[in-house]
Amino acid sequence: MTIVDTPERRQLRELTRAFVTKEVLPYLDDWERAGEVPRSLHETAAKIGLLGIGFPESVGGSGGDLLDSILVTEEVIRSGGSSGLIAALFTHGIALPHMVAACDDGLIGRYVRPTLAGTMIGALAITEPDGGSDVAGIRTCARRDGDHYVVNGSKTYITSGVRSDFVTTAVCTNFPGSGSLSLLVIEKGTPGFTVGRRLEKLGWHCSDTAELSFVDVRVPVANRIGPEDTGFLAIMQQFATERLSLATQAYATAQRCVELATRWCRDRSTFGRPLASRQLVRHRLAEMHTRAEAARVYVHDVAERVAAGEPVVTEVAMAKNVAVAACDFVVDAALQLHGGFGYLRDAEVERHYRDARILGIGGGTTEIMNEIIAKGMGL
Ligand SMILES: Cc1cc2nc3c(=O)[nH]c(=O)nc-3n(C[C@H](O)[C@H](O)[C@H](O)COP(=O)(O)OP(=O)(O)OC[C@H]3O[C@@H](n4cnc5c(N)ncnc54)[C@H](O)[C@@H]3O)c2cc1C
C-alpha cells in the first residue's frame with residue numbers, strides 16, 4: 001500500500017517544491033555555515049500554509065493529517081533540502097502535538113497558534129546529560145509550590161533550543177528517576193532558565209542544538225500539559241509521529257542520493273566510458289534504488305495504519321529501523337560513487353552522508369527500536 005495520491009496532495013507537493021526552490025536552495029549553504037535557519041523562514045512557510053500541515057485549522061493549522069506531513073517532509077528533501085532543514089523548520093512537529101492532544105485552549109492560544117503562524121519557535125526537551133534512551137529515568141524535577149512548579153535540572157541535545165521561545169519540557173513530578181513525568185511549557189526569559197552553549201555537530205549544521213539549564217525556575221501550573229504524572233504516556237503517544245518523520249527523512253534522503261548518484265554516474269566517464277555503463281555500477285545503483293523504494297513503501301504503509309488509529313508501536317519501530325538501514329547503505333554508496341568529489345563540501349551527497357548519521361540515534365536509537373520490536377514479538 002502507498003499513500004493515496006489525490007489532486008490536493010499533488011498540489012501540496014508542488015507548493016513544497018516551489019517553496020524549497022525559491023526560499024531554501026539559494027540560502028541553505030549560508031544557513032549551514034551560520035548554524036541555524038532564520039526566523040523569517042518560519043514566517044514565510046507559515047504564510048503559504050506549509051508550517052501548519054498536519055495540524056487542525058481549529059488550532060491555527062492548515063489541516064491535513066500525518067500522511068500530508070510525511071509528503072511535505074519527503075518533498076522538502078527530494079527537492080534538494082535536507083533532514084537538518086526539516087529538524088530546524090519543523091521542530092514544532094515534536095514541540096506542539098502534546099498541547100493539541102490535551103485540548104488546552106490556554107496553551108493553544110499562547111503557544112500553538114503563534115508557532116503555526118511562524119512568529120514563535122518551540123522545542124521539545126526530554127534528553128538529559130545522564131541519558132536519553134531511558135525516558136522514565138528523567139531527573140529534572142518540578143516541585144509544586146502553590147500555583148507554580150519550581151523546576152531544577154538540565155537537558156541536552158535540544159533541537160532549536162538556541163532559537164526557541166518556549167520549550168515543552170519533560171519533568172519528574174515525583175522524586176527524580178521515579179518515572180512520574182509531566183510536561184511543562186517553559187518560556188525563554190523565565191528567571192533561572194538559561195541556554196548553554198550551542199552544540200557543534202557532525203551534521204544537521206543548519207539546525208541549532210542546545211544544552212538547557214533550569215535553576216529554581218518558577219513555571220505556572222497553567223503551563224502543565226494535561227493532568228500531573230501523565231507525561232510519560234503523552235511522550236510515548238507522540239513518539240509514533242516523530243519516529244515516522246525520522247523514517248521519512250531517512251528514505252527521502254536515500255531517494256535523493258539515488259537520484260544524485262545516478263545523474264553523476266551518467267555524466268562521469270572513467271577509462272573512456274560513463275560509469276553508468278559498467279555492470280558493477282549499474283547493479284550498485286539498482287540495489288540503492290531497491291532499498292530506498294522498499295523503505296518508502298513500508299514507511300507509507302505503517303503511516304497509513306497510524307493515521308487510521310491502529311496500535312502499531314512495533315511496526316513504527318520497524319519502519320524507522322528499515323528506513324535508517326536503507327539510508328545508511330545508500331548515502332555511503334552514493335558518496336563512494338562520487339569519488340573524491342563526494343568528500344567535498346561542494347557535493348550535496350557529502351551533506352546527506354553527515355546528516356543521515358543522526359537518524360538512527362534521534363527519537364529513539366536503533367537499539368531501542370529493536371527492544372520495542374523484541375517486546376512486540378513477546379520476547
Ligand atoms: C542532533 C541531535 C538532536 C536531538 N534533538 C533532541 C530534541 O530535540 N529533544 C530531545 O529530547 N532529545 C534530542 N536528541 C537526543 C536523542 O534523542 C538522544 O541522543 C537519543 O535518544 C539517545 O540518548 P543518549 O544520547 O542519551 O544515548 P544513551 O541512552 O546513553 O545510549 C547510548 C548507546 O547505548 C545504547 N543503549 C541504551 N540503552 C540500551 C539498551 N537497553 N540495550 C541496548 N543498547 C542500549 C543506545 O542505543 C546507544 O547506542 C537529539 C540528539 C542529537 C544528536
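Colleague: Let's start inside. Which residues line the largest cavity?

Modeller: Keep in mind that this is a predicted model. A cavity is a spot where a probe fits but cannot get out. Here, the lining of the largest cavity is made up of I94, H98, L124, I126, I235, Q238, F239 and E242.

Colleague: How much space lies in the largest cavity?

Modeller: About 40 Å³.

Colleague: And which helix gives the largest share of the lining?

Modeller: Helix α9, residues 231-267, with four residues. Sorted by class, the lining of the largest cavity has five nonpolar residues, two polar ones and one charged one.

Colleague: How many cavities of 30 Å³ or more does the count give?

Modeller: Two cavities. Around the second largest cavity you'll find H42, A88, L89, T91, H92, T115, M120, I121 and G122.

Colleague: How does the lining of the second largest cavity split by class?

Modeller: Four of its residues are nonpolar and five are polar, with no charged residues.

Colleague: What about pockets? What is the volume of the second largest pocket?

Modeller: A pocket, in contrast to a cavity, is an open set of points. For the second largest pocket, the volume is about 230 Å³.

Colleague: Which residues line the second largest pocket?

Modeller: The lining consists of D29, E32, R33, H205, R345, D346, A347, E348, E350, R351 and R354. By class, nine of these are charged, one is polar and one is nonpolar.

Colleague: Which helices each supply at least two residues of that lining?

Modeller: Look at α2 (28-34) and α12 (348-356). Of the elements contributing to the second largest pocket, α12 gives the most, with four residues.

Colleague: Now helix packing. By what are two packed helices described?

Modeller: By the angle between their axes and the distance between the axes. Take helix α4 (residues 66-78) and helix α10 (residues 279-307): their axes come within 9 Å and cross at roughly 150 degrees.

Colleague: Are α4 and α10 roughly parallel or roughly antiparallel?

Modeller: Angles over 145 degrees count as roughly antiparallel, and α4 and α10 are therefore roughly antiparallel to each other.

Colleague: Which residues meet where α4 and α10 are in contact?

Modeller: On the α4 side, L66, L67, I70 and E74; these meet H300, A303, E304, V306 and A307 in α10. The contact of α4 with α10 divides into six nonpolar residues, one polar and two charged.

Technical notes
Residues are numbered from 1 along each chain as its sequence is written. This is a predicted model: local features need pLDDT of at least 70, side-chain atom pairs count only at pLDDT 80 or more; totals for chains, interfaces and linings use all residues. Side-chain values use heavy atoms; hydrogens and water are left out. On a 1 Å grid over the protein atoms alone, a cavity is a set of points where a 1.4 Å probe fits but cannot get out, and a pocket is an open set with protein on both sides within 12 Å along at least five of seven lines; lining residues have an atom within 4 Å of a point. Grid points are joined across faces, edges and corners, and a volume is the space filled by probe spheres set on the points. Ala, Val, Leu, Ile, Met, Phe, Trp, Tyr, Cys and Pro count as nonpolar, Asp, Glu, Lys and Arg as charged, and the others, Gly among them, as polar. Axes are lines fitted to C-alpha atoms, for helices over the stretch in contact, and angles run from 0 to 180 degrees between N-to-C directions. Angles under 35 degrees count as roughly parallel, over 145 as roughly antiparallel, 65 to 115 as roughly perpendicular and the rest as oblique. Contact means heavy atoms within 4.5 Å.
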